[in-house]
Amino acid sequence: MISSMEKIFTFIDNEATTIQKKQDMPYLDSLLLVTESWLDGHIQPEEQAGKEDIRKAIQLAVLKGMKEHVQPHHQMTPDALGLLVGYLVELFVKKERFTILDPAIGTGNLLFTVMNYLDGRIEGAGVELDDMLIRLASNTGNLLEQPVTLYLQDALQPLLIDPVDAVVSDLPVGYYPDEENAGTYDLQAEEGMSYAHHLFIEQSLKHTGDGGYLFFVIPKALFESPQANQLHKFLKKQAYIQSVMELPDSLFKNSTHAKGILVLQKKKEGVKAPKEVLLARVPNMSKPEAMAKFFSQVSGWFKENKG
């Protein structure tokens, strides 16, 4: 039986493919037109679908478009990983309603996964430099009826965003080309070019309220890089490390691109460091028993250290 999500994807894909052929344009451009027509009420899927089905269907279409028009910075956070981040946000952030920022939002998949997971509790904000990606994020947010404010700019330039309760981000990895702007950061490289992912961590902390939480998808070797010592010193001053999790290689096509999750809490008067940092290895996410054991371990740590 065809699922609701598959029906929505088929509707989007058929419309996008038709436009692509008629107007001889890339698939992602035609996808943008489809989402705009859907929002304007010119076209409508026959299937009534929930927010997660719509998000997943758009995600599949975006992935199809990215395969056709590959750019290295157009990488989408895997679904299972987004749901795990959603679980962690729910565990740590105890406010009934709160604000959340993704400073590298891309098409919005990670942020919208978390917002759907905690539906009705979050007001979102996102920053993205790529015009195409942020327009797709905007249309997706509107179709999902999720409250999100988007900013088209380099997220490492000054941001006019009030401090948020939480940050989620699949950190862009690599060198930051604007050396003059990098020079305004504590985490600028002592020599040579600065790591963009380090600067994103600093910028995110700057825009998090005291005591707020940050959930980063990080390169596996974050704390083993040539600039790791500098990052350690900076984090010691600014935040408490809550957890470092190693993600299963099976989540990533290439094990050299393996990642982890870093959870931080920005320092605040009266807030203490956890008795011990939660160091965990996330099991294969398709194995329910292993995941149940993992969640039990995380829950036990939380009661012991944060309860």
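## Charges and surface

The chain carries 30 positive and 41 negative side chains, and the centres of the two sets are 8 Å apart. Here Lys and Arg count as positive and Asp and Glu as negative, with His and the chain ends not counted; each charge is placed at NZ of Lys, CZ of Arg, CG of Asp or CD of Glu. This is a predicted model, in which local features need pLDDT of at least 70 and side-chain atom pairs count only at pLDDT 80 or more, while totals for chains, interfaces and linings use all residues. Residues are numbered from 1 along each chain as its sequence is written, and side-chain values use heavy atoms, leaving out hydrogens and water.

## Overall build

You will find ten helices and eight strands in the chain; these are DSSP runs numbered from the N terminus, with helices being H or I of at least four residues and strands E of at least two. A compact globule of 307 residues would have a radius of gyration near 19 Å, and the 20 Å of the chain agrees with this (taken over C-alpha atoms; the globule rule is 2.2 Å times the number of residues to the power 0.38).

Of the 307 residues, 53% count as buried, meaning under 20% relative accessible area with a 1.4 Å probe and protein chains only. Among contacts (heavy atoms within 4.5 Å) with a separation of 6 or more, 72% join residues 24 or more positions apart.

## The nonpolar cores

In soluble globular proteins, nonpolar side chains tend to be buried together. A nonpolar core is a set of buried Ala, Val, Leu, Ile, Met, Phe, Trp, Tyr and Cys residues joined through side-chain atoms within 4.5 Å. The largest one has 64 residues, of which Ile12, Val85, Val89 and Phe215 touch the most other members. Helix α4 (residues 79-92) gives the most to this core, with eight residues.

Leaving out residues up to four places away in sequence, Val89 touches Phe98, Ile100, Val114, Leu118, Val168 and Phe215. Apart from this core lies another, of 30 residues, including Leu187 and Ile218.

## Two places to look

Helix α5 (residues 109-117) is largely enclosed by the rest of the structure, because eight of its nine residues are buried. Among them are Leu110, Phe112 and Val114.

Asp165, in strand β4 (residues 164-170), is buried, with a relative accessible area of 19%. Beyond its neighbours within four places in sequence, Asp165 contacts Lys95, Phe98, Thr99, Thr208, Gly212 and Tyr213.

Note on methods:
Buried < 20%, exposed > 50% of the residue type's maximum accessible area, 1.4 Å probe, protein only.
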